[in-house]
Amino acid sequence: MAWERKRVFIVVKTYPTPATKGTEVSCTAGITEEGSWIRLFPVPFRFLDEDKQFPRYSWIDVTVERASDFRPESYKLNPDSIQIVSSVPTDKAWRDRKKIIYPLMRHCLCCIKREHEAGGNSAPTLGFFKPPSIRRFRMKSCAADWTQTEKMILSQQTFGFTNTPDRILEKVPFDFHYEFRCPHASCTGHAPKCSDWEIFQAYRKWRAKYGEAHWRAKFEQRFADEMIHKFDTHFFVGTLKAHPQEWTIVGLFWPMLAIQGDLPLGQ
Ligand SMILES: [Zn+2]
Ligand SMILES: [Zn+2]
């Protein structure tokens with residue numbers, strides 16, 4: 001397998017988890033210039049030098065090699081090779097972002113799963129769709145702290161990066177889920193976990209800012225009320241290497257609802 005240079009539009013960044021091959025990694029995915037899905041790993045995001053910490057919805061150039069992962073979009077990246085090219089703004093209900101992402105839109109999660117089951121090893125393990133409606137947002141309490149093993153992993157300094165984060169990765173004591181149904185009579189409903197970095201960051205930031213008594217109202221306003229009723233919410237979904245049949249929400253896509261009279265998206 002050979003290293004190659006690719007230009008990638010980053011759309012997914014999940015909150016990091018302790019990983020045995022390296023201290024912490026997040027699922028990072030994007031769309032290539034040719035319009036295909038690509039998953040990049042390992043991305044020890046907090047360990048990257050500041051000029052390499054790419055924001056979501058930016059184009060980056062990166063040197064990659066096809067990974068041994070069975071998932072067809074997976075590429076290993078050389079973290080030193082990351083170059084941020086440009087960011088794509090939110091103007092006109094995220095029009096320019098939609099132009100890049102919408103060609104990969106699928107009908108619903110059931111259709112994505114069916115495509116995956118029918119396509120075997122060559123079928124995409126990343127997907128994008130807009131649920132017709134979202135039934136509800138749920139937060140479930142989970143472990144308040146990392147296990148001893150996870151702590152050990154997180155305190156390793158194995159990357160050889162010059163930039164070591166000041167603090168150990170914070171354990172967020174909640175799992176976040178969205179419940180929805182696809183527009184097919186056969187769909188029994190879905191309630192996948194959401195691992196978008198943004199939702200975890202919002203929890204950390206707002207708990208620090210508003211305190212234990214008040215963060216929850218602010219948090220639920222954004223991720224329940226607004227995500228369900230105010231924004232034109234779409235989901236990025238993906239499977240995990242260890243659980244190839246399990247789809248989780250790896251990213252939220254939430255432009256404002258398009259204003260009437262706005263130009264429709266060209267093909
Ligand atoms: Zn469908
Ligand atoms: Zn369904």
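Let's start at His-184, which counts as partly exposed because 13 C-beta neighbours lie inside 10 Å, a number that falls between the limits of 12 or fewer for exposed and 20 or more for buried. Keep in mind as you look around that this is a predicted model.

Where does His-184 sit in the chain? You will find His-184 in the loop that links β11 (174–180) to α4 (197–210). Which residues does His-184 touch, once its neighbours within four places in sequence are set aside? The contacts are with Cys-108 and Cys-110.

From here, turn to helix α2, which spans residues 109–119. This helix lies across three strands, β9, β12 and β13, and runs at about 155° to β9.

Those strands bring us to the sheet itself. β9, β12 and β13 form an open sheet of three strands, in the order β9-β12-β13, and the pairing is antiparallel. At the edges you will see β9 (126–129) and β13 (247–253), each of which pairs on one side only. Going from one strand to the next, the twist averages 25°.

To finish, take a closer look at the pairing of β9 with β12. Strand β12 covers residues 234–239, and four bridges join β12 to β9 in the antiparallel sense. Which residue of β12 is the bridge partner of Leu-126? The partner is Gly-238.

Technical notes: Residues numbered from 1 in each chain as written. Chains lettered and ligands numbered in written order. Predicted model: local features only at pLDDT ≥ 70, side-chain atom pairs only at ≥ 80, totals over all residues. Pairing = 2+ DSSP bridges. Helix = DSSP H or I, 4+ residues; strand = E, 2+ residues; numbered from the N terminus. Axes fitted to C-alpha atoms, helices over the stretch in contact; angles between N-to-C directions. Contact = placed C-beta atoms within 7 Å.
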